[in-house]
Number of protein chains: 2
Amino acid sequence: MLVAARSDNGDAAKTATDFRMGRQVPTAIQTAADIRPAAEALRDIARDLGNFRVAACANIASRSPMTDADGNVLASGVFGWPATKEQWWQKPLLALSSPLTFACRYENEPFWANAHGIHTRAPNPLLDQIDLSLFQGEVNANAVICVPVHMSFGQIAAISFSPFNDKRDDLSKEFDLYSDQLEYHARRFVHGYTRVSSQRPWIPKNCRLSKREVECLRWAAVGKTDVEIALILERSCATVRFHIHNAAIKLEAVNRSQTVFKATQLGYLGNVAAVMVPHPQIEAQVAAK
Amino acid sequence: MLVAARSDNGDAAKTATDFRMGRQVPTAIQTAADIRPAAEALRDIARDLGNFRVAACANIASRSPMTDADGNVLASGVFGWPATKEQWWQKPLLALSSPLTFACRYENEPFWANAHGIHTRAPNPLLDQIDLSLFQGEVNANAVICVPVHMSFGQIAAISFSPFNDKRDDLSKEFDLYSDQLEYHARRFVHGYTRVSSQRPWIPKNCRLSKREVECLRWAAVGKTDVEIALILERSCATVRFHIHNAAIKLEAVNRSQTVFKATQLGYLGNVAAVMVPHPQIEAQVAAK
DNA sequence: GCAAAACCTATGACTAGCGATAGGTTTTTC
DNA sequence: GAAAAACCTATCGCTAGTCATAGGTTTTGC
C-alpha cells in the first residue's frame, strides 16, 4: 500500500491517515495487561529509529519505578538497563537526573541534550542556567533526546532516549528526524500508564470557581496576605477571606495550602506568576501600617 | 515522492519521516510574527481535515483572547468566528465552555463530545459527572473534537474543532482518523504561542528540594497542619516547619501558599492527592490533643 | 418582569496555625 | 574528622480560619 507524499501546499493534513495506521497504537495502554507489550513496543520503536535505549519516569515527583502488571520493573525487564545499574530505581532522579528533570519542568516540547547544552525546538531561556557540567555522569550517556510530558493534576513525566552502546554525542539529526514520533509514542505510553496505574484522583463535584474567587486565590498563590490582597482589590480583608473560603469549599479543601494546591492542579491559576504585577503602592501602604 | 506504507510488524517507526516532511511545521511559532500565519495554517488544516472551525484558548485560566502580533483577535480575524459572536472573548469559558473546560482539566488526550457524552480514547471516569445537558447552547456546536494541552507551570490550553456550518453530531469517525494530527498541530501552535506571548516566567535559581522537604510539602498541600505532619512523619513540629521553610527559600516563596503553588507548578508534588493515604490513628491523636 | 440563585461585600471577636528567630544536637556524607 | 544535612526545643508575633450575621447586586430561568 503506497501513500502519496504531500507537497508543501496545504495538503499536509491529508497524510495524517498514515500517522496511525490501523486502529491500534502499539504504545497505547488500555489495561494494566497492556503495559508490558506497550513498553516493548516503545523499546522497539526507539531501537528502530535510532538505536536508542528508553528511560521512562511516569512521575518525576515519585520514586516509584515504572512496573508492569506483575510488578516487574520496566527499566531492567523491558528497556534493557542492566540489573547492576538498578540502583537508580531507588533514585529515579539520577537517570533522568537533575539537568534533565529540571528541563522537563520548564519545557513543553522534546529536546536533546549533551554536556554542551540543551537543544530545544525553539530557544527557552529558562533552560540556560541549568548546570550540565556533570552531564555524562548523571545521565549515563553522552547525549540524550528527552520528551517531557505535562499531564493533568500537575503531574510531569519524562522519557529519555539515549544512544545504546555507542558514543554519539550529537543527536541533532536524529532529533530533527524522529522527535515527533518519539514524542507521540512516549506520550501515548505515559498517558496510558498513568491512567491504569493511578488510583482514582480526587475530583470536586462539578465545581465552578467565580471570577472573584479565582482572583483572590491567585494573589494568595503568589504570596500576598489577606491584607495585601484587600488593598490590591480595594475590598475589605473579610471579603477576601470570604472568597478564598468559598473557593476552598468548592474545591473541597480544608485550608489555604490545599486550596491553592488543588486550584493549581486544575489549571485555575494558570501561569499566574508571570502576569501578576507587583503593586509598589500597596506594598508601601502595608509597610506604613 | 512515494512513501512505502508500513506493515504492523515493527516498521511503524520508519514512516516517521513523512510525519513532518521538511523542516518547517506550519503551525509552529518561533516569533510573534509567526502567530498569524501559524493560526492560518491551523485553520486550514482543520478545514481540510474535516471542515472544522477552530476555537483556541491558550490558557483556560485567562480571559484574554488569543491575538496576533498586531493585537488582532484570532477568533474573528483568522478562525472565522463571526464578529457578532465576539462576546465570548470576554468570557472565553463559554465557547470552550464549562463542560469542555472541565474535561480539559481532567483529561490528557484528545476527546470528542456531544450532548450525549464525552468520548475519550480510553475511559476516564473523572469525566462521567460532567453535565452536558446544555451542550449545544454552551458550545455552539452539536459536536466537537477537543484537544487539551497541559503545559509547564500548570498552564492548561484547550483547542476545539467543531463542524463548520453543518449539523454533524457524531465525530467518532473523524476523531479516529484525525485526532492525532489535530493534536499535533494544536500542541505546536499553542506551545509556540505561549512561548512568544508570555512574559518571562519565574524560575528559582537551580533549586533542588530534598526528599524531606518534598515530603513535608506534600502533606501540607493535602491540607495537613504542622502538628499533623509531625505526627505522620514522627518528627517534631519544628522540624516540619524547618523543612517547609527550607523549601520556601529554595523556591523563592514568601509563605506557605506560594510555596505550595510553586512546587505544584513545577511538578514536585505530582499527583499527590491520589496517593496520600489518610492516617486514622494520627487523626485520632490530633483529636485527643 | 419576577423570583430564585449566585455572587459580592462587610463586620467583629476569637483562636488555631504559621513564620521568624535563636540555639543546640545528631546523623550522614565525603 | 569536618561539613552538610537533618533534627530538636522554645518563644512570640502575625496571619489565617471560624463563626454568626447582615445586606446588596447581578445573573439566570421561567
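Predicted model: local features only at pLDDT ≥ 70, side-chain atom pairs only at ≥ 80, totals over all residues.
DNA strand C is surrounded by 15 residues. The closest are Ser210(A), Arg235(A), Ser236(A), Ala238(A) and Arg256(B). By class, this surface has 7 polar, 6 charged and 2 nonpolar residues. Helix 9 (237-250) of chain A and helix 9 (237-250) of chain B each supply at least two residues. Helix 9 of chain A provides the largest share, 5 residues.

Sugar or phosphate accounts for 65% of the atoms of DNA strand C within 4 Å of the protein; the rest belong to bases. A polar side-chain atom of Ser210(A) lies 2.5 Å from one phosphate oxygen. For His243(A), the distance from a side-chain N or O atom to a phosphate oxygen is 3.0 Å. A base is contacted from chain B: a side-chain N or O atom of Arg241(B) is 2.8 Å from a base oxygen.

Around DNA strand D there are 14 residues. Arg241(A), Arg256(A), Arg212(B), Ala238(B) and His243(B) come nearest. Of the atoms of DNA strand D within 4 Å of the protein, 62% are sugar and phosphate. The surface divides into 7 polar, 5 charged and 2 nonpolar residues. Helix 9 of chain A and helix 9 of chain B each give at least two residues. Here helix 9 of chain B gives the most, with 4 residues.

A side-chain N or O atom of Thr239(B) is 2.9 Å from a phosphate oxygen.

Technical notes:
Residues numbered from 1 in each chain as written. Chains lettered and ligands numbered in written order. Heavy atoms only, no water. Near = heavy atom within 4 Å. Polar contact = N/O pair within 3.5 Å; in protein donor to acceptor, adjacent residues only side chain to side chain. Nonpolar A, V, L, I, M, F, W, Y, C, P; charged D, E, K, R; others polar.
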